[in-house]
Amino acid sequence: MKEFVYGSDQQYELLKESLEDHLCHVYSRCYLPGACSKNIARIGFEKEENTYALFIDKGISCSNNQAPALFKDWLAIGTVRFLDFTDMKEFLRSLKCLY
Amino acid sequence: MTGWIVAGVVMVVAGILIYCSRTKETPARPVETTQRTTPQQTRVVPLSQKNETGPMVYYANDRHGGKDREYRFNYKKVNGSWRAYILRMPSLGNRDARSIPTHRLWDDSNNAYICWDKTVNSLKDMQNISRVWADCIQEYIATGKRFGPE
């Protein structure tokens, strides 16, 4: 996951282009922040109509008190949806505080 | 002897090519791309054809550097018209939180949704309305500036 949290604008643009196929793109072996109950998880991205969904393996928790509530909700539910790609990008970049 | 030299050159070139391909600045490739389906292999219903989308996140625009810009909406079709239920919004602070200045209504279960005076037939339109509403609320929080017809 760190690679997405610290991804450049150019990398995000490539990701956005790849999601135009409306398929679920799954990245395995994503490294989670240290306070998570697992070190590695799968993360999936999908464009659903004009919105974007972000998936993560279920059964992961985070003990970091500074973790954003949305991050904890994402871990608990396994999915978070965003109105725009920029919102998803902003969420992922907001997780720098966990590394 | 010449054969060994040619083989050596080929190996060096191949090594350079492999190294370059690994150091290019591109995101890691996904290991799989799939069409999501339920275990019974039924097709996933498109969001706009559902009656409710579930939570969706929007970070509002803020010209004043407000830290909390996170809004969460649940879009729901009620009597044929889409509504944007407000699951989360930043604190209004000391601003007037009543219905008229914030353009909110509450349903019978006391759940707040965005007040809109016309039928909204498409999910996309309601999503655009909620974006604009969130941006206006963000301005209202920062400056007290009211918006829309009252």
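1. In this predicted model, A:Glu48 and A:Arg81 are both buried, and their side chains meet in a salt bridge with an N to O distance of 2.6 Å. The pair links distant parts of the chain, since A:Glu48 belongs to strand β2 of chain A and A:Arg81 to strand β4 of chain A, 33 residues apart. A search of the whole structure finds 15 salt bridges over all chains, and several of them are taken up in the points below.

2. A:Arg81 also matters to the account of the interface, where A:Glu49, A:Arg81 and A:Leu83 supply 24% of the area that chain A buries against chain B, more than any other three residues. Between them, chain A and chain B bury about 2600 Å², with 51% of this area on carbon and sulfur atoms. The contact draws 29 residues from chain A and 29 residues from chain B.

3. Across the interface of chain A and chain B there are 10 residue pairs in polar contact, both residues being at pLDDT 80 or more. On the side of chain A that touches chain B, the elements giving two or more residues are α2 (9-18), β1 (24-31), β2 (40-48), β3 (51-56), α3 (69-77), β4 (79-82) and α4 (85-93) of chain A. Of these, β1(A) gives the most, with five residues. By residue class, this side of chain A divides into 12 nonpolar, eight polar and nine charged residues.

4. Three salt bridges are found across the interface of chain A and chain B. One salt bridge is formed by the side chains of A:Asp84 and B:Arg131, at 3.0 Å from N to O. A:Asp84 lies in the loop between β4 and α4 of chain A, whereas B:Arg131 lies in helix α3 (residues 123-143) of chain B, so the pair joins two chains. A:Asp84 counts as partly exposed, at 24% relative accessibility, while B:Arg131, at 13%, counts as buried.

5. The side chains of A:Asp73 and B:Arg72 likewise meet in a salt bridge, with 2.8 Å from N to O.

6. Within chain B, B:Glu139 forms a salt bridge with B:Arg63, and the closest N and O atoms are 3.0 Å apart. Because B:Glu139 lies in helix α3 of chain B and B:Arg63 in the loop between β2 (52-59) and β3 (70-78) of chain B, the pair ties together parts that are 76 residues apart in sequence. The two partners fall into separate classes of accessibility, as B:Glu139 counts as buried at 15% relative accessibility, whereas B:Arg63 counts as exposed at 67%.

7. In helix α4(A), the buried residues are A:Phe85, A:Asp87, A:Met88, A:Phe91 and A:Leu92. Seen down the axis of α4(A), these buried residues fall within an arc of 160°, and they therefore line one face of the helix.

8. B:Thr102, found in helix α2 (residues 99-102) of chain B, has a relative accessible area of 0% and is therefore buried. Leaving aside residues up to four places away in sequence, B:Thr102 touches B:Leu92, B:Asp96, B:Ala97, B:Trp133, B:Ile137, B:Tyr140 and B:Phe147. A polar contact of 3.0 Å also joins the side chain of B:Thr102 to that of B:Arg104.

How values were computed:
Residues numbered from 1 in each chain as written. Chains lettered and ligands numbered in written order. Predicted model: local features only at pLDDT ≥ 70, side-chain atom pairs only at ≥ 80, totals over all residues. Heavy atoms only, no water. Contact = heavy atoms within 4.5 Å. Buried area = accessible area lost by both parts, 1.4 Å probe. Salt bridge = Lys/Arg side-chain N within 4 Å of Asp/Glu carboxyl O. Polar contact = N/O pair within 3.5 Å; in protein donor to acceptor, adjacent residues only side chain to side chain. Helix = DSSP H or I, 4+ residues; strand = E, 2+ residues; numbered from the N terminus. Nonpolar A, V, L, I, M, F, W, Y, C, P; charged D, E, K, R; others polar. Buried < 20%, exposed > 50% of the residue type's maximum accessible area, 1.4 Å probe, protein only. Arc of directions from axis to C-beta.
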